[in-house]
Amino acid sequence: MGDRAGSTPITVQHAFRLMEAAGSHEGGAPAERLARDAGLPMDTAHELLWTLTQDGYLRRLDDGGFVLGDKLNEGHSAQDLLNRVRPALASLRDDLSAAAYLTFYEDGEIRIAEIVDGPKAPKVDLWVGFKDAGHATALGKCVLRELDDEARRDYLARHALAELTPRTITHRDELIRQLESSNPAPVVMDREEYDLGTTCIAVPVHGGEKLGSIGVSFRADRMYRTRQVRESLLASANRVSRDLALDF
């Protein structure tokens with residue numbers, strides 16, 4: 001943003017001050033109020049408000065007031081959601097002494113949203129990007145099982161079932177049979193299918209239009225109590241699903 005002769009030089013700090021001012025008025029505020037709150041001359045505020053609105057950082061209401069735009073609200077919403085669900089993941093990690101994971105199905109992809117691990121509960125080495133490994137992980141297979149037939153076919157048509165370990169399922173029909181016969185539902189496991197030496201267990205989470213999974217990983221040679229893992233996962237999934245529902 002350049003300077004103009006006889007005007008206040010516009011800086012990034014001025015933009016931040018205007019956005020902070022807009023964020024403090026939940027119902028929106030007119031340009032004059034935002035300029036006053038931000039301590040800016042009106043000509044500077046007007047130029048910045050136009051730019052920030054065009055770029056999606058602010059949104060102008062029908063009454064002329066300004067509120068935070070979608071570009072900022074989306075980031076805040078996602079971070080607020082993770083802040084709410086992180087305690088459930090931390091509790092799961094501490095209860096089972098295992099790294100805890102959360103995924104979401106977004107725009108046709110299964111993505112890791114959060115990992116909560118620790119010195120006594122290290123996360124699995126994510127040596128292959130999750131985009132290419134949904135078929136080989138409990139977290140990914142859990143989401144695939146929850147999808148309807150059309151969405152699942154679309155996902156599998158766009159993703160090769162790469163052999164990540166000798167235990168990876170690489171044939172589509174075999175994978176679908178496993179997904180449809182997983183027992184006891186809704187728990188899904190992968191036994192060294194993504195990483196040799198690692199077993200993962202996951203259950204689905206739902207909330208509004210959100211679909212995802214929550215899971216934990218163990219060393220494959222570690223003894224674990226299946227009933228305790230199942231109960232802890234389901235309890236944590238219920239907590240996360242409730243938090244997801246708050247966004248809708």
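Helices here are DSSP runs of H or I with at least four residues, strands are E runs of at least two, and both are numbered from the N terminus. On that basis, the chain has 8 helices and 7 strands.

A word on the source. This is a predicted model, where local features need pLDDT of at least 70 and side-chain atom pairs count only at pLDDT 80 or more, while totals for chains, interfaces and linings use all residues. Residues are numbered from 1 along each chain as its sequence is written, and side-chain values use heavy atoms, with hydrogens and water left out.

Now the overall numbers. Of the 248 residues in the chain, 45% are buried. Buried means under 20% relative accessible area, exposed means over 50%, and partly exposed lies in between, with a 1.4 Å probe and protein chains only. The accessible surface comes to about 13300 Å², by the Shrake-Rupley method with a 1.4 Å probe. Carbon and sulfur atoms hold 48% of that surface. Next, contacts, meaning heavy atoms within 4.5 Å. Among contacts with a separation of 6 or more, 59% join residues 24 or more positions apart.

On to the cores. A nonpolar core is a set of buried Ala, Val, Leu, Ile, Met, Phe, Trp, Tyr and Cys residues joined through side-chain atoms within 4.5 Å. The largest one has 27 residues. Which members touch the most others? They are Ile-110, Leu-144, Leu-156, Leu-164, Leu-175 and Tyr-194. Two or more residues each come from strand E3 (99–106), helix H5 (138–146), helix H6 (149–158), helix H7 (172–181) and strand E6 (198–207). H5 gives the largest share, 5 residues. Take Leu-156. Leaving out residues up to four places away in sequence, Leu-156 touches Leu-144, Leu-161, Arg-172, Leu-175 and Ile-176. There is also a second, separate core of 26 residues, which includes Ala-98, Val-203, Val-205 and Ile-214.

Next, a helix pair. Helix H1 (residues 12–23) packs on helix H3 (residues 42–54) at an angle of about 80°, with the axes 10 Å apart. Axes are lines fitted to C-alpha atoms, for helices over the stretch in contact, and angles run from 0 to 180 degrees between N-to-C directions. So H1 is roughly perpendicular to H3, the term for 65 to 115 degrees. H1 brings His-14, Ala-15, Leu-18 and Met-19 to the contact. H3 brings Thr-44, Ala-45, Leu-48, Leu-49 and Leu-52.

Ser-97 is not a glycine, yet its phi is positive, about 55°. Ser-97 sits in the loop between helix H4 (70–96) and E3. Is Ser-97 buried or partly exposed? Partly exposed, at 42% relative accessibility. Glu-192 also has a positive phi, near 60°. Glu-192 lies in the loop between strand E5 (188–191) and E6, and is buried at 18% relative accessible area.

What touches Glu-192? Thr-165 does, and Thr-165 also touches Glu-193, Tyr-194, Asp-195 and Leu-196, not counting residues up to four places away in sequence. Thr-165 is in the loop between H6 and H7, buried at 5%.

Last stop, Gly-212, in strand E7 (residues 210–219). Gly-212 is buried, at 0% relative accessible area. Not counting residues up to four places away in sequence, Gly-212 touches Thr-103, Phe-104, Tyr-105, Val-143, Pro-204 and Val-205. Its C-alpha atom is 8.7 Å from that of Arg-111, 101 residues away along the chain.

Methods:
Angles under 35 degrees count as roughly parallel, over 145 as roughly antiparallel, 65 to 115 as roughly perpendicular and the rest as oblique.
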